[in-house]
Amino acid sequence: MAEGHAVHGMAARVRRLVDQPGRSQGPVTEQFDPRALDGRAVAGAEAHGKHLLIHLHGTDLSPHLHLGMHGAVSVRQHRRALGPDDLPRTDPPDPAGLAWRHLTATHLLEVTRPTVCELLDADGRAALHARLGPDPLRDDADPAEAIARLHASRRAIGALLVDQSVVSGIGNVYRAELLWRAGLDPHTPGNALDPDTLRALWDDAFDLMTIGLGAGWIVAHPTQLADARALLARGEAVPRWPKRYAVYLRRGEPCPRCGTPVASERLGLQTMYWCPGCQQQPA
Ligand SMILES: [Zn+2]
């Protein structure tokens, strides 16, 4: 499943279509009617956690997308540029699972196999934002709010970090790597962690996810992080190096910090990975 940095990356790609009127197509469902968007131009796009909202000029209705396990948003530039007001005469063939297509003079936006594809008005958008916790990658995120929510709960920090109503955008990979980096046992209750520790966890999430957004993939290994940070600081692209994690998907392999075999456990729908040797509950 796409974690929050990937959805913020999608929002940035959708913004390439800004101000270009487009032809909107796709199957009409009870929740989504592309005809309501036909001829309109994208005004902006935003991510909140794993949710993507696209705003269009001239309508209060915003497509709201959640991609789940198999959904995708693709934005492609046409090989041949057309005039600013010329839409391609023919439509491309429908990809499998097409939910929405927006075709402009320069770009083709296609959404396939989402778990949610609906149109939200202002009230719907407000309700969506209200049920999602602060997202480290959003400019309007309030770290104090996230820390208060984490600190108020007796649930395990490993469960709280991926609960999108507590903080949003963190998924299974970031959860595992963030807790390993902090040296925290994922079973520690949220209310057993002091606000400074929670603030450090939030700041590390912001840092890692910012690099993930810039790189386009989850960079978590210390050496790769340093290299990615240097490349991004110079405005260069981060190559797709082989993915290396400290604990994620490494059950039974030695922890890079202390050598203890990495443990795993089913938690909700996902498997949680951690090192029982050096990830501790605070005294
Ligand atoms: Zn360890």
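This is a predicted model: local features need pLDDT of at least 70, side-chain atom pairs count only at pLDDT 80 or more; totals for chains, interfaces and linings use all residues.
Residues are numbered from 1 along each chain as its sequence is written, and side-chain values use heavy atoms, with hydrogens and water left out.

View 1. Helices (H or I, at least four residues) and strands (E, at least two) are DSSP runs numbered from the N terminus.

**View 2. The largest cavity and its lining.** Searching the whole structure turns up 2 cavities of 30 Å³ or more, and the largest has a volume of about 60 Å³. On a 1 Å grid over the protein atoms alone, a cavity is a set of points where a 1.4 Å probe fits but cannot get out, whereas a pocket is an open set with protein on both sides within 12 Å along at least five of seven lines; lining residues have an atom within 4 Å of a point. Points are joined across faces, edges and corners, and a volume is the space filled by probe spheres set on them. Among the residues lining the largest cavity are Pro136, Leu150, Ile170 and Trp202. Helix H6 (residues 195–215) supplies the largest share, 4 residues. By class the lining is 10 nonpolar, no polar and no charged; Ala, Val, Leu, Ile, Met, Phe, Trp, Tyr, Cys and Pro count as nonpolar, Asp, Glu, Lys and Arg as charged, and the others, Gly among them, as polar.

**View 3. The second largest pocket.** This one has a volume of about 220 Å³. Its lining includes Arg76, His78, Asp91 and Leu108, and splits into 5 nonpolar, 3 polar and 3 charged residues.

**View 4. H6 with its partners H1 and H7.** The axes of H1 (residues 4–14) and H6 come within 8 Å and cross at roughly 45°, so the two helices are oblique to each other. H6 and H7 (residues 222–233) pack at about 60°, with axes 10 Å apart, which makes H6 oblique to H7. Axes are lines fitted to C-alpha atoms, for helices over the stretch in contact, with angles from 0 to 180 degrees between N-to-C directions. Under 35 degrees counts as roughly parallel, over 145 as roughly antiparallel, 65 to 115 as roughly perpendicular and the rest as oblique.
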